[in-house]
Amino acid sequence: MKLPIFIADAFTVTAFHGNPAAVCLLESTLDEDAHQHIAREMNLSETAFVRKLQPTDNFTQSSRFGLRWFTPEAEFPLCGHATLASAAVLFHKRKNVNSTLTFVTMSGELKARRAEDGIVLDFPLYPTFPQIIEDLIKMLIPNPSCLCPRSFLESLKVNTEPLPGIEKTGKVKGLILTVKGESGGQTTPYFAPWFGVPEDPVTGSTHTLLGPYWSEELGKKEMRAFQCSCRGGELDISLRPDGRVDMKGGAAVVLEGMLTA
């Protein structure tokens with residue numbers, strides 16, 4: 001088996017920043033177990049599998065593809081940075097001629113369109129609601145009443161290994177810490193040890209939740225987000241009247257090769 005595979009750094013225009021995702025292009029159906037084996041071998045927070053929907057499709061001319069995402073531990077239902085990486089590979093490496101690509105996924109149809117200064121993802125929005133899980137809060141922030149400025153988040157060191165043992169109800173799939181950033185934006189780290197991802201460098205899917213939350217808090221529909229991980233990454237967020245969100249970011253393809261197995 002030989003498969004084209006790429007690594008792209010998403011939500012950045014600079015190599016070795018943002019969030020790296022592996023992108024595997026599938027000409028035909030892959031054995032189910034092989035997805036997880038490949039994702040574990042790549043050992044990135046997400047490996048994306050882009051597949052043709054019809055035998056006559058090709059990666060240069062077609063505009064609709066299947067898309068799945070896998071962490072090293074499990075399949076994931078929605079991933080922003082690996083979707084952005086997939087679009088970047090198709091647009092920039094396969095020279096796809098379309099202005100908009102549609103990905104058929106576990107979370108419905110997602111679109112990625114070319115922009116002058118990046119790629120815009122069209123994702124669903126998900127409402128938020130308050131729920132206190134005290135043990136997790138105390139584990140992460142000894143003094144949860146603190147204002148948690150950006151400097152606090154940037155210096156925060158979290159041991160995520162005990163978290164799945166503390167929260168076993170299945171209600172929590174990831175943990176977001178977020179504060180108001182400069183100029184009315186937002187600053188966020190994200191932890192998902194329940195899926196084998198101790199800390200995700202830049203997470204597009206979390207902004208399907210953070211978008212409506214910060215829109216209500218700030219009274220704004222247009223925002224800029226910065227994820228203050230060690231690699232860092234930026235997103236432009238735009239809430240739409242149809243209940244969806246546009247997330248714009250750049251991507252740098254840093255590796256291209258052939259997977260053999």
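How much accessible surface does the protein have, and what percentage of it belongs to carbon and sulfur atoms? The accessible surface comes to about 12,700 Å², of which 52% belongs to carbon and sulfur atoms, the areas being calculated by the Shrake-Rupley method with a 1.4 Å probe and with only the protein chains shown counting as cover for residues. The model is predicted, and for this reader's orientation local features need pLDDT of at least 70, side-chain atom pairs count only at pLDDT 80 or more, and totals for chains, interfaces and linings use all residues. Residues are numbered from 1 along each chain as its sequence is written, and side-chain values use heavy atoms, with hydrogens and water left out.

View 1. Along the principal axes, the C-alpha trace spans about 55 × 40 × 30 Å. A compact globule of 261 residues would have a radius of gyration near 18 Å, and the 18 Å of this protein agrees with that; the radius is taken over C-alpha atoms, and the globule rule is 2.2 Å times the number of residues to the power 0.38. Of the 261 residues, 51% count as buried, which is to say under 20% relative accessible area, whereas exposed is over 50% and partly exposed lies in between (1.4 Å probe, protein chains only).

View 2. Four residues separate the strands of the E15 and E16 hairpin, where glycine 243 takes a positive phi near 80 degrees.

**View 3. Helix H1 and its cover.** In helix H1 (residues 32–42), the buried residues are Ala34, His35, Gln36, Ile38, Ala39 and Met42. Their cover includes strands E1 (2–10), E2 (19–26), E3 (47–52), E4 (64–70), E5 (75–76) and E17 (251–260). Just after the helix, asparagine 43 takes a positive phi of about 55 degrees.

**View 4. The largest nonpolar core.** This core has 46 residues, and those with the most contacts inside it are Val50, Trp69 and Phe103; a nonpolar core is a set of buried Ala, Val, Leu, Ile, Met, Phe, Trp, Tyr and Cys residues joined through side-chain atoms within 4.5 Å. Helix H2 (residues 80–93) gives the most to this core, with eight residues. Leaving out residues up to four places away in sequence, phenylalanine 103 touches a set of residues including Val50, Phe65, Leu67, Leu90 and Leu110, a contact being heavy atoms within 4.5 Å.

**View 5. Two of the aromatic pairs.** The structure holds four aromatic pairs, in which rings of Phe, Tyr and Trp (its six-membered ring) have centres within 6.5 Å, with planes under 30 degrees apart counted as stacked, over 60 as edge-to-face and the rest as tilted. Phenylalanine 49 and phenylalanine 70 form an edge-to-face pair, 5.7 Å centre to centre and with 90 degrees between the planes. This pair links phenylalanine 49 in strand E3 with phenylalanine 70 in strand E4, 21 residues apart, and both residues are buried. The rings of phenylalanine 76 and phenylalanine 195 have centres 4.7 Å apart and planes at 85 degrees, so this pair is edge-to-face as well.

**View 6. Threonine 188 in its loop.** Threonine 188 lies in the loop between strand E11 (186–187) and strand E12, and is buried, with a relative accessible area of 1%. Beyond its neighbours within four places in sequence, threonine 188 is in contact with residues including Ile176, Leu210 and Phe226.

Terms used: Two strands pair if DSSP finds at least two bridges between them. Helices (H or I, at least four residues) and strands (E, at least two) are DSSP runs, numbered from the N terminus.
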